Amino acid sequence: MGSNTAFVAMNGLSSLELALRAAGLHMLMTGLHGDDFASLQTSVGPLLERDVDALVIAANHRAAADLARELARTRTVVALQPGVSADDGLSSCAVDFGAAVRDVIDHLHARGDRVLDFIPGPAHFTTVSARTEAWIRELGDRRLPLRPLVPVAMSVAGGRDAGLRLVAYGLPDAVFCVNDLVAMGVLQAFREQGVRVPDDVAVVGMDNLFGTDQISPSLTTVEQPWAALGTTTGALVVDALAGRPPRTVRLSATLVVRDSTAGSRSEGDRGQATVVPEAAGQGS
């Protein structure tokens, strides 16, 4: 996890702690080590030994989702991740990635982009699988072609490799990347190969990391509601402790449009359209 990514995640944890403190609850935190069920179960052992009132499982891989469901059999658990719902017997809070993907495709479609590519990360991450499933579903609903989905490391290096592969095997009209780090790597590869962004290919990221408005071209991205995720999860914990039934909450993300998707693919408008201004207060 890059430092910027860690920073935005901590924003969510800080808002969670404040929400719990306002309800008279004290938050203890431990890292989840490993990506298999047994390792994760061992990680939460110290909290279970202290007989905490409730557990918030804040991780984004499938084993953590399984752990949340298992612990919910005997304890009060709230999941801060997709892939878990009230049907599993516990409350959960996550970003509505289906709506976020729809907003991205709407924007690219309005720009005139028809051949779209999605660069995913490893499928065992629930956030990645949620975005990938939404992408496949949305393209199918619109009867747009689905290009091969090739997972990459969720890093600048992974994005660069993906960008070079796209140059070698055929460029789409636009690329949506699983996160901003991958998008920055794609931009790097395109710059090295003389591919113009957005004239030749539009590029979109996700997370709105610090500095994505300062690179060239500035990056269109999806900003996740980190503070709201923490605050809402805190409210779900309070509800669960009060005996209220489990709820599934999905929060809206915000598309931040910048230079990497400026203009239109129509010949007369290419490079001439004005970038939609960012809303006040947006940014990492």
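Let me begin with burial: a residue counts as buried under 20% relative accessible area, as exposed over 50%, and as partly exposed in between, using a 1.4 Å probe and protein chains only. What you see above is a predicted model, in which local features need pLDDT of at least 70 and side-chain atom pairs count only at pLDDT 80 or more, while totals for chains, interfaces and linings use all residues. Residues are numbered from 1 along each chain as its sequence is written, and side-chain values use heavy atoms, with hydrogens and water left out.

My topic is salt bridges, meaning a side-chain nitrogen of Lys or Arg within 4 Å of a carboxyl oxygen of Asp or Glu; the structure holds 17 of them.

I will take Glu-138 to begin with, which is buried at 8% relative accessibility and forms a salt bridge with Arg-102, a partly exposed residue at 37%, with 3.9 Å between the closest N and O atoms. This pair links distant parts of the chain, 36 residues apart, since Glu-138 lies in helix 6 (residues 126-142) and Arg-102 in helix 5 (residues 97-111); helices here are DSSP runs of H or I, at least four residues long, numbered from the N terminus.

Within helix 1 (residues 3-22), Glu-17 and Arg-21 sit four residues apart, about one turn of the helix, and their salt bridge has its closest N and O atoms 3.5 Å apart. Glu-17 is partly exposed at 28%, whereas Arg-21 is exposed at 51%.

Lastly, Asp-239, buried at 17%, pairs with Arg-244, partly exposed at 48%, the closest N and O atoms of this salt bridge being 2.9 Å apart.

Notes
Helix = DSSP H or I, 4+ residues; strand = E, 2+ residues; numbered from the N terminus.
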